[in-house]
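Hi,

Here is the structure I promised to send over. Have a look, and then read on for what turned up.

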Amino acid sequence: MQYSKKCANIQSSVTLAIDAKAKAMRAAGADVVGFGAGEPDFATPHYIVEAAIDALKDGKTKYTAAAGMPLLREAVADFTNKNLGTAYRGENVVISNGAKQALFNALQALCNPGDEVLLFSPYWVSYPELIKMADAVPVFVPTKAEERFAPDLDAFERAISGKTKAVILNDPCNPTGAVFPESALRKIADLAEKHDFAIIADEIYDALVYDGAVHFSVTQINDAIRERTVLINGMSKAYAMTGWRMGYSLSCPALAKRMASLQSHATGNPNTIAQVATLAALTHENPEFPSMLAEFDRRRRYMVETVNTIPGLSAFLPSGAFYVMVSIQGLIGKRCHGRTIDSSLTFAELLLDETKTAVVPGAPFGAEGYIRLSYATDIANIQKGLARIRQFAEGVLSSC
Ligand SMILES: *Cc1c(COP(=O)(O)O)cnc(C)c1O
């Protein structure tokens, strides 16, 4: 039997593969420290859990409209308007099974075969695959570590072609933690107008910014830019609701309608109980958020400070999300137990084998020479894991 070419070309997530190996080692009794987590280690806030329990007791267990409950669509519009000063309404909103499905919907609804979608690298691993699933072509625009992974606008302009259909902006960025400067976002928006392409703005980490940084959204620029933008957000990160699978898009109503039709046949409505809980989440203050943010901030500082005392490694303090990109360039080319550390993948494999510490290699994110450390794990774990990484790095440098 021949399977489809489309799926043969989709790569399974490398981040999940390392995670799976670390979990298997842990299940076999090994004391593994994991820096791979792409989800908060905090529990979903109590008031949201209570709302879900009430939904079940009240029998809110039936289908809703495919695009989500009208009340929730309005609540998402209100919540976004309150944060951004925009003027969205329920008709702009589609509720989806996580931000992932919202991204999938957007790319399917925008792209024709051969269209190009621009994206800054390092990038989140799922984007190139989501673009390919829409029969479109990812076009990578590099950013530089020396510039704290801020968008390179000259490179961006050069990458625009007659086939450019959209750009994906992930701000704050996974994996770099970069928060894009407002001036860069304005320039990108100008170019989108000039060359008539769409902006897909994945702002899932918008609440997780530090040092008083204020996140700016391209949708705040003006109505015309908002019209050509699909704003993506969701509950996974700021509300610690990864397993609930709740995300959403805000776009012009015509595109929202098409995405809703697609979704109606692919999955139908997202989970009704999770929708009711999300309605409660967005219409009340989250009393647990400030302490979560403060704890992430504390870990972020500790991690970067400590990494910079480890020989061969370096990192800068990122402004958002919950990841630190660590340069391992000081260890590339060195040997360990007969193997040369020739790539971030080899580094991650050796580190896991030798020290039972799981990190995510940069290569699948377009960041060779780097590893990604998540600080969505408690300080004790971070301490323990970094001590192991120090021992490994020192061993490699004195040629272990
Ligand atoms: C975690 C994450 C998402 C959210 O995915 P969900 O499907 O909502 O869980 C989206 N984009 C990026 C860049 C992420 O890191």
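Into which domains is the protein chain divided? There is domain 1 (5-43 + 288-398) and domain 2 (47-283), with bounds that come from an automatic or database domain assignment.

A quick note on the ground rules: this is a predicted model, where local features need pLDDT of at least 70, side-chain atom pairs count only at pLDDT 80 or more, and totals for chains, interfaces and linings use all residues. Residues are numbered from 1 along each chain as its sequence is written, and side-chain values use heavy atoms, with hydrogens and water left out.

Now the interface. The centres of the two domains, taken over C-alpha atoms, are 27 Å apart. About 2800 Å² is buried between them, 61% of it from carbon and sulfur atoms; buried area here is the accessible area (1.4 Å probe) that two parts lose on being put together, summed over both. On the domain 1 side, Phe 316, Ser 319 and Phe 365 supply 21% of the area buried against domain 2, more than any other three residues.

As for contacts (heavy atoms within 4.5 Å), 34 residues of domain 1 touch 30 residues of domain 2.

There are also three salt bridges between the domains, counted when a side-chain nitrogen of Lys or Arg is within 4 Å of a carboxyl oxygen of Asp or Glu. While you're looking at salt bridges, check out Asp 211 and Arg 301, whose side chains meet in one at 2.4 Å, N to O.

Cheers
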